[in-house]
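Please read it alongside the sequence and the coordinates.

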Amino acid sequence: MKAFAYVNAADEKEAIAALGSERGRFVPLAGGMDLIALMKDHIVEPERVVNVKGLDRTIRKTPDGGLMIGAAVTLAELASHADAATRYPALVQAAAEVGTPQIRNVGTVGGNLNQRPRCWYFRNEEFHCLKKGGARCFAVEGENQYHAIFGGGPCHIVHPSSLAVPAIALNATFKVSGPAGERDVPAADYFQLPDRNLYGETVLAPNELLTHVLLPPPGAARSATYEVRFKQSHDWPLAMASVALAMKGQTVGGARIVLGAVAPVPWRSEAAETSLAGKVVSEQTASAAAEAAVTGARPMTQNGYKVQIARTAVKRAILKAAGATVV
């Protein structure tokens, strides 16, 4: 690991002042679950590491009845928050599934949302892949069983954040702070495909920080998250889905359906939402929406199985949100 300077920022203002405008030279450190691994693997070699644990670590109601979650809130704190669990179950369910108890007690909301791709070619210093300034994506002709089935390249990573998927389903807004002040970014606009931003995954400038997640009042909406993983103990999902249903009596007035681990960004399916709107949730309508959700999937040479498990994740998330018992 390359030597670096360390800044222990007392608050948001000090943290922003310590970050520079050149990507990779000055980086924030929260729980460190992702950054330390990147540094050990020589994927990131910063000159300065800025401790951002002094950012807001509270979860509180907003004046309009929504919820504000500080970026420094740990995953364990979010997973055990009773009010959030009651009103925003999709988000809390996702937080509770991340990693192990040890990871959830250290990892933060902001860190989970901003973690880098887990693609083994990107993470291996021996491969100068497209995302690191190389000429090609090695996954195209290589080991691609965990890579994207949506998005079209040119880089075929899958987005690693578990919280990003329900955040978009719940229509969250991210508060971002930088030298020019604060700005609000809809969660759906925060993440960027590689054809727009090859060397990063979000709209964040190098000298900006995500400071809060803002959730609108849930009203009568019902939500849920469902993950399919290779092993249940400690793993990233092979596919996941978060669903938010705005109910009108027994029928779905509107839906937001977002898939995870299948594309370089959380993948919203408007086709699935349209399929479900105006229907009573049942095995049949959930299956039809799940089928619509995988329309347009383009598997690579070794990940065709992801189409089926993405379909399963969507169906079971819909049924779970509607109150059905899902194993």
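A residue is buried when its relative accessible area is under 20%, exposed when the area is over 50%, and partly exposed in between, computed with a 1.4 Å probe on protein chains only. The model is predicted: local features need pLDDT of at least 70, side-chain atom pairs count only at pLDDT 80 or more, and totals for chains, interfaces and linings use all residues. Residues are numbered from 1 along each chain as its sequence is written, and side-chain values use heavy atoms, with hydrogens and water left out.

**Cysteines**

- Cysteine 155 has a relative accessible area of 5% and is therefore buried.
- Cysteine 137 also counts as buried, because its relative accessibility is 14%.
- The structure holds zero disulfides, a disulfide being a pair of cysteine sulfur atoms within 2.5 Å.
- For cysteine 137, the nearest cysteine sulfur is that of cysteine 155, 5.2 Å away, and cysteine 137 is in no disulfide.

**Parallel sheet**

- Strands here are DSSP runs (E, at least two residues), numbered from the N terminus, and two strands pair if DSSP finds at least two bridges between them.
- Three strands form an open sheet in the order β1-β3-β2, with parallel pairing.
- β1 (5-8) and β2 (26-29) are the edge strands, each with a single partner, so one side of each lacks a neighbour in the sheet.
- From one strand to the next the twist averages 25°, where axes are lines fitted to C-alpha atoms and angles run from 0 to 180 degrees between N-to-C directions.
- β2 and strand β3 (residues 48-51) run parallel and are joined by four bridges; phenylalanine 26 has arginine 48 in β3 as its bridge partner.

**Antiparallel strands**

- Strand β9 (residues 222-229) is mostly covered, with seven of its eight residues buried.
- β10 and β11 run antiparallel and are joined by nine bridges, with arginine 256 in β11 as the bridge partner of alanine 244.
- The hairpin of β10 and β11 has two residues between the strands, and glycine 249 takes a positive phi near 70° there.
- Strand β11 (residues 251-260) is mostly covered as well, seven of its 10 residues being buried.
- Two bridges link β11 to strand β12 (residues 267-268) in an antiparallel arrangement; the bridge partner of valine 258 is arginine 268 in β12.
- Six residues lie between β11 and β12 in their hairpin, where alanine 261 in the turn has a positive phi of about 65°.

**Second largest pocket**

- A pocket is an open set of points on a 1 Å grid over the protein atoms alone, where a 1.4 Å probe fits, with protein on both sides within 12 Å along at least five of seven lines; lining residues have an atom within 4 Å of a point.
- The second largest pocket holds about 390 Å³ of space, the volume being the space filled by probe spheres set on the points.
- Its lining has 21 residues, of which Arg118, Tyr146, Val158, Trp236 and Pro237 are the closest to the pocket centre.
- Strand β10 (residues 237-248) supplies the largest share of this lining, three residues.
- By class, the lining of the second largest pocket comprises 13 nonpolar, five polar and three charged residues. Here Ala, Val, Leu, Ile, Met, Phe, Trp, Tyr, Cys and Pro count as nonpolar, Asp, Glu, Lys and Arg as charged, and the others, Gly among them, as polar.
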